[in-house]
Amino acid sequence: MLAVGLAIHAVVLRLHDREEGRLLTLSFALHVAASIGLILVYTYYYTEGGDMISYHVAATPVADALRYDFGSLATEVTALLLQREHRIPYDVLDGSSTGSMQAVAIWLAFLLGNSLFASALLIAVCSYASKVIALSALKRHTPREYHAELRLGLLLSPSGVVWTSVLLKEPVVMVFVGPFLLSMSWLVEGRRFAPAIALAILSGAGISLFKPYVLMALVAAAATWLLVARGLRDGRRITIRPQYIALAAALALTGFSGASAVFPKLTLDSVGDSLAYQRRVAAEVEGGSNFSIEGEGVTRDSEKGRSFGEQLALAPLALVTALFRPFLFEARKAMQLLNALEMTWLLALFVQVLQRTGARGALARVLASPVLSFCAVITLVLALGTGLSTSNLGALSRYRAPMMPFFLFLLLALRKPLLVTAPGTSAPSPETRRRPLMSAS
């Protein structure tokens with residue numbers, strides 16, 4: 001698998017210049033290191049093993065049986081992947097997205113000789129390749145002076161690397177995010193319409209199997225991207241045109257309706273109760289980093305029936321939790337300390353953004369750039385969903401991994417002033433000043 005990964009990386013390097021090549025090589029190396037390192041952490045640091053070990057242990061006997069009776073078991077494992085009723089004669093983790101992840105673990109064990117390291121490394125390589133695709137898709141719509149920040153955000157986000165490089169749901173989701181963004185890039189550019197729709201459907205279906213709420217966030221962000229890209233006229237303000245609003249609304253409603261039809265828990269009628277239930281279940285499981293955003297003494301039964309609107313009352317606390325916790329003083333273990341250091345860095349970047357541009361200036365930049373609008377929406381939606389459904393700081397670090405590359409790029413871009421150059425020169429003029437980030441188009 002390492003040889004396959006190096007071959008893929010060699011192809012990637014041929015498609016990028018030397019400057020990008022150095023960052024790509026570093027990103028590839030970090031994905032490989034994180035893949036191996038997390039297996040060691042789950043094996044020797046987490047005494048209870050964790051989800052990844054459970055997936056692999058349950059997958060091994062089924063993979064062995066597949067080698068002897070492929071015809072009978074292949075259809076059953078596929079049914080497990082698609083969250084349908086199955087008849088696998090072994091104890092496996094099933095039930096909605098957990099069953100889909102278990103099926104992925106089975107197929108990887110079958111193909112790679114029951115090697116956990118090879119399975120995790122394959123996911124890490126695919127996650128890396130997906131981020132390269134996302135970089136290519138977003139770079140075409142980002143001003144050149146912000147390409148460095150885009151590369152850093154997508155390729156080198158600490159959480160975005162570590163928690164998307166192993167045998168877990170979030171890394172598998174990340175594998176589909178790059179192709180989804182590529183399809184959205186084609187739609188925004190108005191080309192390759194049929195391939196774009198097909199790719200969006202396939203990648204969206206893949207995401208929905210493992211983390212359907214990530215698909216909903218992506219759809220909302222993509223609709224915003226399309227609306228801002230089509231509405232921008234002079235690069236400084238958005239001209240609202242009815243057809244663009246209708247197109248963005250249709251895209252969002254189609255995505256929400258499709259996700260709600262397949263996953264009934266994602267309807268607005270039940271999402272509030274679902275978020276509260278997940279949060280209380282997580283809190284009732286004993287852990288070293290449990291927390292509660294609604295206060296102590298809240299039980300699972302008292303949360304039952306809480307509406308989506310009532311859940312939104314907790315939105316400010318949920319956003320702070322998902323975007324900036326754990327704080328340094330909350331760290332109790334080595335892994336928590338590493339995560340707290342990253343979140344402290346992001347909090348410092350956020351404060352710098354407010355100091356340099358102010359809230360209104362930051363909002364103006366976001367509204368003047370389709371890519372920044374996309375990053376802002378996906379960050380806020382995923383942060384809100386993650387913060388409202390999580391009660392453990394360790395799980396929080398993993399659940400928010402799909403949004404972290406976009407959050408880091410958003411902060412890095414907003415904290416950097418856009419320089420005005422004198423006509424006919426490449427250096428900043430004496431009258432250099434800040435101005436809103438503009439679309440490359």
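Let me start with a term: a residue counts as buried when its relative accessible area is under 20%. One caution before we go on: this is a predicted model.

Today's topic is salt bridges. Across the whole structure, a search finds 12 of them.

Start with E20. Its side chain meets that of K139 in a salt bridge, 2.7 Å from N to O. Where do K139 and E20 sit in the chain? K139 is in helix 6, residues 116-139, and E20 is in helix 2, residues 18-45. They are 119 residues apart, so this pair links distant parts of the chain.

Buried or exposed? E20 has 3% relative accessibility, so E20 counts as buried. K139 is partly exposed, with a relative accessible area of 22%.

Now R151. The side chain of R151 also forms a salt bridge with E20, at 3.1 Å, N to O. R151 lies in helix 7, residues 147-156, while E20 is in helix 2. Again, distant parts of the chain are linked: the two residues are 131 apart. R151 is buried, and E20 is buried too.

E19, E20, K139 and R151 are linked in a network of salt bridges.

Last stop: E76 and R87. Their side chains meet in a salt bridge of 3.6 Å, N to O. E76 is in helix 4, residues 70-81, and R87 is in the loop between helix 4 and helix 5, so the pair ties together parts 11 residues apart in sequence. E76, at 11% relative accessibility, counts as buried. R87, at 67%, counts as exposed.

Terms used: Residues numbered from 1 in each chain as written. Predicted model: local features only at pLDDT ≥ 70, side-chain atom pairs only at ≥ 80, totals over all residues. Heavy atoms only, no water. Salt bridge = Lys/Arg side-chain N within 4 Å of Asp/Glu carboxyl O. Helix = DSSP H or I, 4+ residues; strand = E, 2+ residues; numbered from the N terminus. Buried < 20%, exposed > 50% of the residue type's maximum accessible area, 1.4 Å probe, protein only.
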